[in-house]
Amino acid sequence: MTSPPPTISTHPALFLHGLTLEGGWRVTGRATTVKGQPAAGHQSVGYFVERADGHPGFLKAIDLSGIIQARNVMRALQEVTEQFNFEVSLLEHCSDMRLSRVVHAIDHGEHRIPGALIPVPYIVFDRADGDVRDHLEATTVDDVWLLRCIHHVAVGLHQLHTARFAHNDVKPANVLVFEALGSKIGDLGTAVDASGTSPHGGKAFAGSWDCAPPEVPYLAEQADAWQHGRRCDLYMLGGLITFLFTHQHFNTFLKRELPEELLPLFWGGDFTGPFEEALPHLLAAFDRAAREVEVALRPRLHPSVAGEVMRSIRELCHPDPARRGHPRNLSGFNPLGLERYISLYDRLVMKAGLARKRGSRP
């Protein structure tokens, strides 16, 4: 038996095109198939909007229609409300702190369509020109641009961590590109915070599991959600760097080096144990995967740059969470600090730029 088609009364978030919202935003079109904007997930719908003064934006409309089908409607409503309020509060906090490498929300509210049973909460963001996937497809992208993108993302993560938040979903779709301003981190909907107020704090991982560090799918116990979130951010930064130069996430290389019986899907049964027992196998596969990554990325980079990029990937994507990060940080007061990587990629941008001016490879 097929479900009835959505209507304005039951699914108002799907029918905002052409409307003007209470905040004065005119909805100019759906953006569900357009890359380069804050992600619209299974509980949200993306739209392009424009203010009366011509300022463009991207609208994330929260779709509450699924709640009425939930087994426990009140609990589902509470969860969505907590997530929305937390994201709005976090975005306002980032704006107040002037985090330059994090996408800002410029408005939020809720809109009621006549005849609809439920309202449509929404958040409006600055509209990006695309995400890094768009730019990887362009022939004009060079290594200086990619290295600068990594520097910007590292700065954005450092800004979030300094504000006591971990992003929890660093991936190509969430690295947004602004032509005049460079790259910024978008979509804070799965973030966790040091104070434990995030609705995702009790989850093993709220981001995209395809980009998650090994301790997540192997179900390693985490004593501190905040520190776990920071370690996840470091791993996903390394995965992003790998993707920018090879068009594949580090996890893709790692999984190819693991025998089927050691994959997370099969691990943890009657004859296998916890993450700590899987770690030696992961370390061996990690070494093989890292060598494959190096073979793939070296043709894209000048020799003076490639070695340092590869070293950062090895440090950031280390399977052992306790050994993840810059070696000089691990015995210090801030083992998960990103400052050294910010300095590294700032220097690599200049080094690659000089190599290009001199006409040397690549």
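At what angle do helix α4 (residues 225–246) and helix α6 (residues 275–297) pack, and how far apart are their axes? The views below start there. This is a predicted model, in which local features need pLDDT of at least 70, side-chain atom pairs count only at pLDDT 80 or more, and totals for chains, interfaces and linings use all residues. Residues are numbered from 1 along each chain as its sequence is written, and side-chain values use heavy atoms, with hydrogens and water left out.

**View 1. Helix α4 against helix α6.** The two helices pack at about 40°, and their axes are 9 Å apart. Axes here are lines fitted to C-alpha atoms, for helices over the stretch in contact, with angles from 0 to 180 degrees between N-to-C directions. α4 and α6 are therefore oblique to each other (under 35 degrees is roughly parallel, over 145 roughly antiparallel, 65 to 115 roughly perpendicular, and the rest oblique). From α4, look for Thr242, Phe245 and Thr246, which meet Val293, Ala296 and Leu297 of α6; contact means heavy atoms within 4.5 Å. These residues comprise 4 nonpolar, 2 polar and no charged.

**View 2. Helix α3 (residues 143–162) alongside helix α8 (residues 339–357).** Here the axes come within 9 Å and cross at roughly 165°. That makes α3 roughly antiparallel to α8. On the α3 side you will find Val144, Leu147, Arg148, Ile150, His151, Ala154, Val155 and His158, while α8 brings residues including Ile342, Tyr345, Leu348 and Arg356 to the contact. Sorted by type, the residues of this contact are 10 nonpolar, 3 polar and 4 charged (Ala, Val, Leu, Ile, Met, Phe, Trp, Tyr, Cys and Pro count as nonpolar, Asp, Glu, Lys and Arg as charged, and the others, Gly among them, as polar).

**View 3. Helix α1 (residues 73–96) and its buried residues.** With 24 residues, α1 reaches 34 Å from its first C-alpha to its last, close to the 34 Å expected at 1.5 Å a residue. Among its buried residues are Ala76, Val80, Phe84 and Cys94, buried meaning under 20% relative accessible area and exposed over 50% (1.4 Å probe, protein chains only). The buried residues pack against β3 (56–62), β4 (105–111), β5 (120–126), α3, β7 (165–166) and β10 (192–193). After α1 comes Arg98, with a positive phi near 55°.

**View 4. Gly115 in the loop between β4 and β5.** At 60% relative accessibility, Gly115 counts as exposed. Its C-alpha atom is separated by 55 Å from that of Pro335, 220 residues apart along the chain.

Key. Helices (H or I, at least four residues) and strands (E, at least two) are DSSP runs, numbered from the N terminus. The expected span of a helix is 1.5 Å times one less than its number of residues.
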